[in-house]
Amino acid sequence: MGDGVPPSLTDPFGRVVRDLRISVTDRCNLRCTYCMPEQGMDWLDRDELLGFDEIERVARVCVERFGFTGIRLTGGEPTVRHGLEELIASLATLGADLALTTNGVTLAKHAAGLRAAGLNRLNISLDSLRRERFLAMTRRDELGRVLEGIDAALAAGFSPVKLNVVLIRGVNDDEAVDFAAFGREKGVGVRFIEFMPLDADGGWSADSVVASDDVIAAIGAVFPLEEVAHGPEPAQRYRFLDGTGDIGVIPSVTKPFCGSCDRVRITAEGAFRTCLFANDEHDLKPALRHGTDDDLAAAIAAAVGTKWAGHSIGQIGFTRPPRTMSQIGG
């Protein structure tokens, strides 16, 4: 391809892959019930984690060889990885849109440094605005620190700041309107993500999913909405008719967006995954530690060549991935 534009990386179904999710750690300072068990997690040894130079190399090959345009850092909880700002500063030089997903517990301490290092966008996971319920869902009494982290992110100049909210029927589904009001008051975007079967205790069922259409109906009855066009991102966006911000829904279960998925993932120890729900992984460490950039690019391309059509949640053939959400990377 001319003009120095790298060739795109296309999967077997014609989808161009441009979004790289990188888990920098499997460790977390919360114990969310749908993500990991309260006890008994087998953490990776520190020397099993990819080094920052290895993470940067994977990202650079994806951007320079295949034209990736987005990089998102995840965990576990990425801010517990020592020296994260150093990694962000390195990745920021690649020119891709650089984002991070965090639970916000330590964000008050890190927000300014993350911004200064070159982080473009920030998503904060928060599933309840009620202290006792937050404690029950995360097994940690940290709501106050998360709220402080949101304020710190805004003060650091992140715009927009987005909240990721997973609603579970019978648990926190009565907070949809509360989150909409919170977002309007704070000036943050709220994204409601349908509950997916990645819970540690196997408690997921179709009945526990709060459909995105129901979320929009509940919020729209209080704060009138209109749908707006959106780009390749999976969120369906709606703005408030009075002009006070917007919300989004990600209907991963009821209206899967697998047909336009452009994401791939790397776990904290270097396993390449073509889908959040993939049952197979591709170890990049041999190419990273004993090969050239050409070898690494070939390994990535070969892995993308195995990407399936979709996750099949709710269908007879669906199988859960063998690892929890925290081990895969959000």
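Mentor: A residue counts as buried when its relative accessible area is under 20%. Keep that in mind for this predicted model.

Trainee: Which residues of strand S12 are buried on one side and on the other?

Mentor: Strand S12 covers residues 263-266. Arg263 and Arg265 on one side are buried, and Val264 and Ile266 on the other are buried too, so both faces of the strand are covered.

Trainee: Which strands are joined to S12 by bridges?

Mentor: Strand S3 (residues 19-23) runs parallel to S12, with four bridges between them. Arg21 stands opposite Arg265 there. Strand S13 (residues 271-273) runs antiparallel to S12 and is joined to it by two bridges. Ile266 has Phe272 in S13 as its bridge partner. The hairpin of S12 and S13 has four residues between the strands, and Gly270 takes a positive phi near 95°.

Trainee: How many aromatic pairs does a search of the whole structure find?

Mentor: Two. In one, Phe179 and Phe192 have ring centres 6.5 Å apart and planes at 85°. Planes over 60 degrees apart count as edge-to-face, so this pair is edge-to-face. Phe179 is in helix H6 and Phe192 in strand S8, 13 residues apart. Both Phe179 and Phe192 are buried.

Trainee: What are the distance and angle for Phe223 and Phe240?

Mentor: Their centres are 5.9 Å apart with 80° between the planes, and this pair is edge-to-face. Phe223 is in the loop between helix H7 and strand S9, while Phe240 is in strand S10. Both are buried.

Trainee: Which charged residue lies over the face of Phe240?

Mentor: Arg184, at 4.7 Å from the ring centre. Elsewhere, the charged end of Arg115 sits over the ring of Phe158, 5.3 Å from its centre.

Definitions and conventions: Residues numbered from 1 in each chain as written. Predicted model: local features only at pLDDT ≥ 70, side-chain atom pairs only at ≥ 80, totals over all residues. Heavy atoms only, no water. Phe/Tyr/Trp six-rings, centres within 6.5 Å; stacked < 30°, edge-to-face > 60°. Buried < 20%, exposed > 50% of the residue type's maximum accessible area, 1.4 Å probe, protein only. Lys NZ or Arg CZ within 6 Å of the ring centre and 35° of its normal. Pairing = 2+ DSSP bridges.
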